[in-house]
Structures are given as structure tokens and as C-alpha cells.
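This briefing was prepared for a reader who wishes to relate a protein sequence to its fold. Please consult the sequence and the structure shown here alongside the text.

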Amino acid sequence: EFGYEIVQGGHPDNGLGRLGAKLDFIDWVKLQNAQRAHLNYHELLTPTITNLVLAGLFFPLPATLGGMINIVGRELYCSAYRLEGPKPRGFGFKMIGLSQVSLLSMTIWGALNMTGVFQLMMSEKSTTDL
């Protein structure tokens, strides 16, 4: 069908193919929940690390706290998703969201402050007050 035989070491069965068909329904759902939690972690890994590094350049201690909140929230999210499915993941999701928003805000604030936007705004305000 593809013009060649499937080579050893190709894409593994992620639970939707031949090996997944051998699982009973409950085990298959558990496997899919674990994979979804794992993939969600990977989907947000790059933006999280980027925001953490950039926020850490401007605000090292608050960025560290934001990173720690993200780690705890990520563990709560993944554990809840793996063990009980998508419903109870909300608290971990909220912690991750809080961390992401705070890190992004620190990054934007630090970048704008570095460009001098705030000093320019303050100097314009002081000249209009005269």
C-alpha cells in the first residue's frame, strides 16, 4: 500500500491499532487518558519554558514561584486525568493557567519596561501636567 514494507522501529501502536484492540474497554480508556495527559504536557512545554526563561530575566524570584506553581498544577492535572478522566482535572488546570498568565504578564511587563515605554509615558505625563 505504501510501496514498501513497514520497517521495524516505525510509529508504535498508541492504543488505537492492533494492540489497542486487545485491551478491554476500561483498560483502553485508562490508556487514552494517560496519553492525553502526557500529550497535553508536551503541547504546553515549549510556551511554558519560553515564558519561564523570559520572565526569569526580568523577575527571577516571581518567575521561580510561577514555575513551581506550574509544576504542582501540572502534576495535579496529569494525576487527576490519568486516574479519574477529564472531569477532576480542573484545579490543576487553574493552577497551570494562573502560572501561564503570570509568567506571560511578567515577560510583557519586563520587555516593555526594558524598551523605555513606561519612562516615555511618565515623561509625557509630567510635561502635560505643567
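The notes below proceed from the overall fold to individual helices and side chains.

The model is predicted. It contains five helices and zero strands, and its pattern along the sequence reads α-α-α-α-α.

**Overall architecture**

- The protein has 130 residues, of which 24% count as buried.
- Where contacts join residues at least 6 apart in sequence, 54% of them link residues at least 24 apart.

**The pairing of α2 and α3**

- Helix α2 spans residues 25-58, and helix α3 spans residues 60-84.
- The axes of these two helices, α2 and α3, come within 10 Å of each other and cross at roughly 175 degrees.
- Because angles over 145 degrees count as roughly antiparallel, α2 and α3 are roughly antiparallel to each other.
- On the α2 side, the contact is made by N33, A34, R36, A37, N40, Y41, L44, T48, L52, A55, G56 and F58.
- On the α3 side, the contributing residues are P60, A63, G67, N70, R74, Y77, C78, Y81 and R82.

**Helix α4 and its surroundings**

- Helix α4 covers residues 90-115, a run of 26 residues.
- From its first C-alpha to its last, α4 reaches 37 Å, which is close to the 38 Å expected at 1.5 Å a residue.
- The buried residues of α4 are G92, M95, I96, S99, Q100, L103, M106, T107 and G110.
- Both α2 and α3 are among the elements that cover these buried residues of α4.

**A111 within α4**

- A111 also belongs to helix α4.
- Buried residues have under 20% relative accessible area and exposed residues over 50%; A111, at 31% relative accessibility, therefore counts as partly exposed.
- A111 and F58 are 53 residues apart along the chain, yet their C-alpha atoms are separated by 8.0 Å.
- F58 is also one of the α2 residues that make the contact with α3.

**Aromatic and charged side chains**

- The structure holds two aromatic pairs.
- The charged end of R74 sits over the ring of Y77, at 5.3 Å from the ring centre.

Definitions and conventions
Residues are numbered from 1 along each chain as its sequence is written. This is a predicted model: local features need pLDDT of at least 70, side-chain atom pairs count only at pLDDT 80 or more; totals for chains, interfaces and linings use all residues. Side-chain values use heavy atoms; hydrogens and water are left out. Helices (H or I, at least four residues) and strands (E, at least two) are DSSP runs, numbered from the N terminus. The expected span of a helix is 1.5 Å times one less than its number of residues. Buried means under 20% relative accessible area, exposed over 50%, partly exposed in between (1.4 Å probe, protein chains only). Contact means heavy atoms within 4.5 Å. Rings of Phe, Tyr and Trp (its six-membered ring) pair if their centres lie within 6.5 Å; planes under 30 degrees apart count as stacked, over 60 as edge-to-face and the rest as tilted. A charge sits over a ring if NZ of Lys or CZ of Arg is within 6 Å of the ring centre and within 35 degrees of the ring normal. Axes are lines fitted to C-alpha atoms, for helices over the stretch in contact, and angles run from 0 to 180 degrees between N-to-C directions. Angles under 35 degrees count as roughly parallel, over 145 as roughly antiparallel, 65 to 115 as roughly perpendicular and the rest as oblique.
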